[in-house]
Amino acid sequence: MDKIKFFELLPEFKKAWIHGNKVKFSIQRFNKTTNELEYHDQKRALTDQDWFTHFSGRPIDSKAFVSGSLAICGAFEDDITKWICWDGDKPEEIEWIENKLIPWLEKNGIDYIYEFSANGRCHLWVMLDALPQIIAWSLVNQIHEETGGRTGECYPFGSRRQAVIRPPGGFHWRAKKVNDILWNDHQSNDPCFMLEAVIGARKVTEDVAKSLIKTKIPEPVVKVKRDRQIFRYFPQDLELPFDNLPNFLGSIASQCQSINTQIKGIRDQSL
């Protein structure tokens, strides 16, 4: 990998691939104890080092796990969608992608990135120009209707809305390698080529998406932010739990229900 070129391209790649600061992501890892592939959810910010590890194609081997590849959730902040991914696992899904979906995209001037996978499977990616989720979902439904098919999994929509998926460039556990992508008639698994493909692919804009959608686009659900209520304290004349409490503590216990209850609890526990 050309590290200098990689880190020069990375900022533009991230602008194309993610939106906002809170990105839901996982680390794909192989559990040596259970011999199963897992997605380990991360409760932290996504870093440039994570991307470098992902695109290096060399999983990190530890005592319990072999980990490295990223898996990203495409449900970003503000209900923004940056890409569509059709996951072709079954023969009929792959046939639909190659014989129906790709011709439809080409006819409508939409760029795509074809990612090869194990056993003839594939992922097909379409890059978006920060589309509202409801518009991106309407575009996907329009494509499915006009092409007469679909894949069982389409990210990040429907049942895969909150699911994570491995971006191109990561080590594929079944294939035991980094899979190639096909973009602009050029096929490679070079990390810099993959970044350039994501950056260079024409992004579907909102105007283009709306021009292709023939049905009425549902109105987005507006999330109403509730105003924080002002807490007002009303003092009370409560019965003291003990007769000879210190003045300060007795004053608080007579006015505050919470403190009064706690002191009664301590009293009862002692008894």
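Biologist: Hi! Leaving aside its neighbours within four places in sequence, which residues is tryptophan 96 in contact with?

Modeller: Hello! This is a predicted model, so keep that in mind as we go. Setting aside neighbours within four places in sequence, tryptophan 96 touches Trp86, Leu101, His144, Thr147, Gly148, Gly149, Arg150 and Thr151.

Biologist: Nice list! Where is tryptophan 96 found?

Modeller: Look at helix H3, which covers residues 91-107, and you will find tryptophan 96 there.

Biologist: And is tryptophan 96 buried or exposed?

Modeller: Tryptophan 96 is buried, because its relative accessible area is 6% and the cut-off for buried is under 20%.

Biologist: What separation do the C-alpha atoms of tryptophan 96 and arginine 121 have?

Modeller: They are 12 Å apart, and the two residues are 25 residues apart along the chain.

Biologist: New topic: the sheet. What order do the six strands have?

Modeller: The order is S8-S5-S7-S6-S12-S13, in an open sheet with antiparallel pairing.

Biologist: Which strands stand at the edges?

Modeller: Those are S8 (153-155) and S13 (186-188). Each has a single partner strand, so one side of each has no neighbour in the sheet. On average, neighbouring strands here are turned by 25° against each other, if you ignore direction.

Biologist: Let's zoom in on S5 and S7. How many bridges do they pair over?

Modeller: Strand S5 (residues 80-88) and strand S7 (residues 122-132) pair over eight bridges, in the antiparallel sense. To see one spot in that pairing, find glycine 88, which stands opposite cysteine 122 in S7.

Biologist: Which helix lies across S5 and S7?

Modeller: That is helix H1, residues 3-17, and it runs at about 85° to S5. Helix H5 (residues 191-200) also packs on the sheet, where it touches S6 (113-116), S7, S12 (181-183) and S13. The direction of H5 makes about 45° with that of S12.

Biologist: You mentioned S6 and S7. Which serine is found in the loop between them?

Modeller: Serine 117 is in that loop. With a relative accessibility of 17%, serine 117 counts as buried.

Biologist: What is serine 117 in contact with, leaving aside its neighbours within four places in sequence?

Modeller: Cys122, His172 and Asn179 are its contacts.

Biologist: Last one! Which residues are buried in helix H7?

Modeller: In H7 (residues 247-255), Gly250, Ala253 and Ser254 are buried. They cover an arc of only 95° around the axis, so they are on the same side of H7.

Technical notes:
Residues are numbered from 1 along each chain as its sequence is written. This is a predicted model: local features need pLDDT of at least 70, side-chain atom pairs count only at pLDDT 80 or more; totals for chains, interfaces and linings use all residues. Side-chain values use heavy atoms; hydrogens and water are left out. Two strands pair if DSSP finds at least two bridges between them. Helices (H or I, at least four residues) and strands (E, at least two) are DSSP runs, numbered from the N terminus. Axes are lines fitted to C-alpha atoms, for helices over the stretch in contact, and angles run from 0 to 180 degrees between N-to-C directions. Contact means heavy atoms within 4.5 Å. Buried means under 20% relative accessible area, exposed over 50%, partly exposed in between (1.4 Å probe, protein chains only). The arc is that of the directions from the helix axis to the C-beta atoms.
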